[in-house]
Amino acid sequence: MSDVVYDLGEVKRARYAVAAVFAVHGAVTGSFATRVPWIQDHASLGAGQLGFALAFTAFGASCSMPLAGRITHRFGSRAALRGLIALWTMALILPSLAPNLLTLCLAMFTYGATAGMADVAMNALGVEVERLLDKSIMSGLHGMWSAGALIGSAAGTLAAHLGSDARLHHALAAVVLTLLGVTACRWVLDLQPAEDEEPPPRFALPPKSALLIGAVGFCAVFAEGASLDWSAVYLRDQLGTSAGLAAASTTGFMLTMAIARLVGDAVVNRFGAVRTVRAGGALAVLGGLLIVVADDAAVAMGGFALLGLGIAVVVPLCFAAAGRSGPNPSQAIAGVATITYTSGLIAPSLIGTVAQATSLVVSFGLVTVLACGLAVLAGVLRAGDRDRPKVSPASAAVPDPRP
């Protein structure tokens, strides 16, 4: 056991600091997503070429995530997160500068690589703060990510409405978000490896402990990716709604997820991760069934809202379980993150392929079947619970739990 001792007030400040970093990370994503049409026009790309370029985001993230643990081991958690979040926020500038397909692919690879490393580093710190406080906070942290994404997308929507150049918009956003992210990192915990601790490998397959946990995250992220990319299309093409009402279904799905994540920690602390995910899986299945049988927009929108509510806290709980499942939290989190990123990559294209061969109803039947996996596999999220330190809320100091 390390002799490092943290004051409880310091840990609480670290919680808010990490939450701010999550919000900054989300704001970058929201800022980028709203200007994709501008980037497509600037690079003179067709829909297929754009999809090909965007796939490099997940490819870059998957390749880089294992490096996050190595960087954190080398520089310590605070310096590593400060550097990685700055790289991620500044990478926002690159896609809008790309004049053609090749340069956009390179920009998206870099964008995804920096996103993935910052993602692993901030989730690893969130898991450590959760362990020190001995209560669930990961859902709330991911809720802050969703809130940041909504703020970033709102600002991007305004910039697009005003007809601003995305290069200027993203340059200004990158500067502001870099300052906010780097400033917030001043108060995160500065965790250092033990003197005899071996550095993690630069690249490694996900540890076995992360595979089943990653499978739970895979089911949730598949439903999330399918709903975000296809909910509006489903309402427009399957139910014949207006474009505005179809878009509202996607917004409602995102809002439901954000709100559920922000309040999800109270539910997890009351009922535990396993029961929360099982209940969420039941809601997601109910939502999927409503989408499949819907014959009007209200029923389908209710189904998408229930689906968002059911899967909202799953990924945060997967990261928390991964961080408790073995001696190297960053490596386990990187493994789970790689699996979930892969799910997010294949879900939209697989939904489209199935829909082309059959129908969108069958596609969301597949989503519903995968949602059943949340209830079936939820038990693996108990991993490591016995290792969580029991710290009284009244404690004046909190010991560092690392061996």
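pLDDT is the predictor's confidence in each residue, from 0 to 100. You'll want that in mind here, as this is a predicted model, in which local features need pLDDT of at least 70 and side-chain atom pairs count only at pLDDT 80 or more, while totals for chains, interfaces and linings use all residues. Residues are numbered from 1 along each chain as its sequence is written, and side-chain values use heavy atoms, with hydrogens and water left out.

So how confident is the predictor? The protein chain averages a pLDDT of 85, and 90% of the residues score at least 70. Residues 384-403 are another story: the pLDDT there is below 50. Beyond near neighbours in sequence, that stretch still has 48 contacts in the model, a contact being heavy atoms within 4.5 Å. Where pLDDT is low, the predicted coordinates should not be read in detail.

Now step back and look at the whole thing. The protein chain has 15 helices and two strands; these are DSSP runs, numbered from the N terminus, with helices (H or I) of at least four residues and strands (E) of at least two. Picture a box of roughly 65 × 45 × 35 Å along the principal axes, and you have the space that the C-alpha atoms of the protein chain fill. The radius of gyration is 21 Å, which agrees with the value near 22 Å that a compact globule of 403 residues would have. That radius is taken over C-alpha atoms, and the globule rule is 2.2 Å times the number of residues to the power 0.38.

What about inside and outside? Buried residues make up 51% of the 403 residues. Buried means under 20% relative accessible area, exposed over 50%, and partly exposed in between, using a 1.4 Å probe and protein chains only. The protein chain exposes about 16800 Å², and carbon and sulfur atoms supply 67% of that area. Among contacts between residues at least 6 apart in sequence, 86% join residues at least 24 apart.

Charges come next. The protein chain has 25 positive and 23 negative side chains, counting Lys and Arg as positive and Asp and Glu as negative, with His and the chain ends not counted. The centres of the two sets lie 3 Å apart, where the place of a charge is taken as NZ of Lys, CZ of Arg, CG of Asp or CD of Glu.

Let's follow the chain through a few spots, starting with Ser44. You'll find Ser44 in the loop between helix H2 (36-43) and helix H3 (47-75). Ser44 counts as exposed because its relative accessibility is 63%. Its phi is near 55°, a positive value in a residue other than glycine. Most residues other than glycine have a negative phi. Asp134, in the loop between H6 and H7, is another non-glycine residue with a positive phi, of about 60°. At 22% relative accessibility, Asp134 counts as partly exposed.

Which loop holds Pro99? Look between helix H5 (93-97) and helix H6 (101-133). Pro99 has 46% relative accessibility, so it counts as partly exposed. Setting aside neighbours within four places in sequence, Pro99 is in contact with His42 and Ala43. Val5 is 94 residues from Pro99 along the chain, and their C-alpha atoms are separated by 52 Å.

With a relative accessible area of 8%, Ala107 is buried. Not counting residues up to four places away in sequence, Ala107 touches Leu94 and Pro95. Gly264 is 157 residues from Ala107 in sequence and 35 Å from it in space, C-alpha to C-alpha.

Is Ser153 buried or exposed? Ser153 counts as buried, at 18% relative accessibility. This serine lies in helix H7 (residues 138-161). Leaving out neighbours within four places in sequence, Ser153 is in contact with Gly30, Ser31 and Thr34.

The last stop is Ala298, in helix H12 (residues 297-311). Ala298 is exposed, with a relative accessible area of 59%. Between Ala298 and Leu235 there are 63 residues of separation in sequence and 9.8 Å in space, C-alpha to C-alpha.

Technical notes. Areas by Shrake-Rupley, 256 points an atom, 1.4 Å probe, with all protein chains shown as cover.
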